[in-house]
Amino acid sequence: MAAIVSVKDLRKTYEGGFEALKGVTLDIEEGEILALLGPNGAGKTTLISTLCGITVPTGGAAAVGGHDIITAYRDARRLIGLVPQELSLEPFEKVINSVRLSRGLFGLPRDEAMIESILRKLSLWDKRNEQIKALSGGMKRRVLIAKALSHEPRVLFLDEPTAGVDVELRRDMWQIVADLKKQGVTIILTTHYIEEAEAIADRVGVITNGEILLVEDTAILMRQMGRKELRIDLKTPVEAVPPALGGYDLALAANGAALIYSYDTNADGTGITALLGDLSKAGLALADIQTKQSSLEEIFVGLVQQEGAQ
């Protein structure tokens with residue numbers, strides 16, 4: 001599948017010498033959902049702002065739909081919809097007029113059927129004649145999405161789309177994103193919610209200190225970098241891991257009633273069979289056994305910590 005967004009060695013240095021982007025290279029395929037994960041100040045918003053023409057890069061190049069974001073910025077920007085982090089809306093404007101205005105800013109003719117379709121899909125049609133100031137925070141964020149979609153973009157940037165939104169509305173947003181993907185819209189979102197990336201993203205990009213650490217399919221990332229834990233509940237608590245089990249990567253639970261065994265799912269063998277046999281030889285009686293897959297959050301934290309230690 002062809003890349004609709006192509007970024008090559010993109011850099012942004014502000015006056016004073018701060019490097020917000022340090023040579024970001026990234027290709028985003030048409031029709032995919034890419035989640036950008038990173039701590040505050042990692043460069044997520046700067047990257048989006050640069051691709052959307054809000055911030056001017058100081059080096060490198062980028063193109064959207066084959067249009068350079070500097071030399072053909074009008075053509076590139078026409079393909080882009082942006083939902084910013086901030087709820088920047090005119091409070092006294094009616095919902096439907098606000099969305100109409102956004103479409104008009106791109107020089108497109110009025111299309112009431114298309115505006116109605118967008119508002120209905122975002123559960124805003126019944127509130128179309130309400131002033132924006134009367135809406136809840138979640139509904140205001142839906143208005144931002146409607147405005148971003150009003151000119152029928154092929155690429156949609158969502159900067160922290162579910163920030164400040166309750167769990168129910170967050171899951172509604174996930175469904176909206178999934179529906180947009182079905183329509184062929186390419187979606188790039190930044191998020192602090194790890195479960196958001198796991199739930200809806202085709203690929204995950206990890207960015208920190210202005211650099212991309214990796215970009216990988218979500219499932220492959222979980223499989224390649226995730227570790228599993230085997231929790232062994234003991235019938236009788238122990239004060240320490242028996243010396244005979246010192247060759248295993250074991251940790252003792254705080255209450256002494258369980259042993260935690262970490263193992264790599266990609267290794268030639270897990271070592272579990274040998275461990276269970278040695279547990280019996282050590283005189284430990286098992287009450288229960290459970291396995292747990294490392295979450296994307298644990299993987300993400302580990303990657304950032306590794307980068308910080310270098």
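**Exercise 1.** At what angle do helix α3 and helix α5 pack, and how far apart are their axes?

*Solution.* The model is predicted: local features need pLDDT of at least 70, side-chain atom pairs count only at pLDDT 80 or more, and totals for chains, interfaces and linings use all residues. Numbering runs from 1 along each chain as its sequence is written, and side-chain values use heavy atoms, without hydrogens and water.

Step 1. Take α3 (residues 95–105) and α5 (residues 137–149). Helices are DSSP runs of H or I, at least four residues; strands are runs of E, at least two.
Step 2. Their axes lie 8 Å apart, at an angle of about 30°. Axes are lines fitted to C-alpha atoms over the stretch in contact, and angles run from 0 to 180 degrees between N-to-C directions.
Step 3. List the contacts (heavy atoms within 4.5 Å). Val95, Ser98, Val99 and Ser102 of α3 meet Val143, Ala146 and Lys147 of α5.

**Exercise 2.** Describe how α3 crosses α4.

*Solution.* Step 1. The axes of α3 and α4 (residues 112–121) come within 11 Å and cross at roughly 120°.
Step 2. That angle makes α3 oblique to α4. The classes are roughly parallel under 35 degrees, roughly antiparallel over 145, roughly perpendicular from 65 to 115, and oblique for the rest.
Step 3. On the α3 side, Val95, Ile96, Val99, Arg100 and Arg103 make the contact; on the α4 side, Glu112, Met114, Ile115 and Leu119.

**Exercise 3.** Are Tyr248 and Tyr261 buried or exposed?

*Solution.* Both are buried, meaning under 20% relative accessible area, with exposed over 50% and partly exposed in between (1.4 Å probe, protein chains only).
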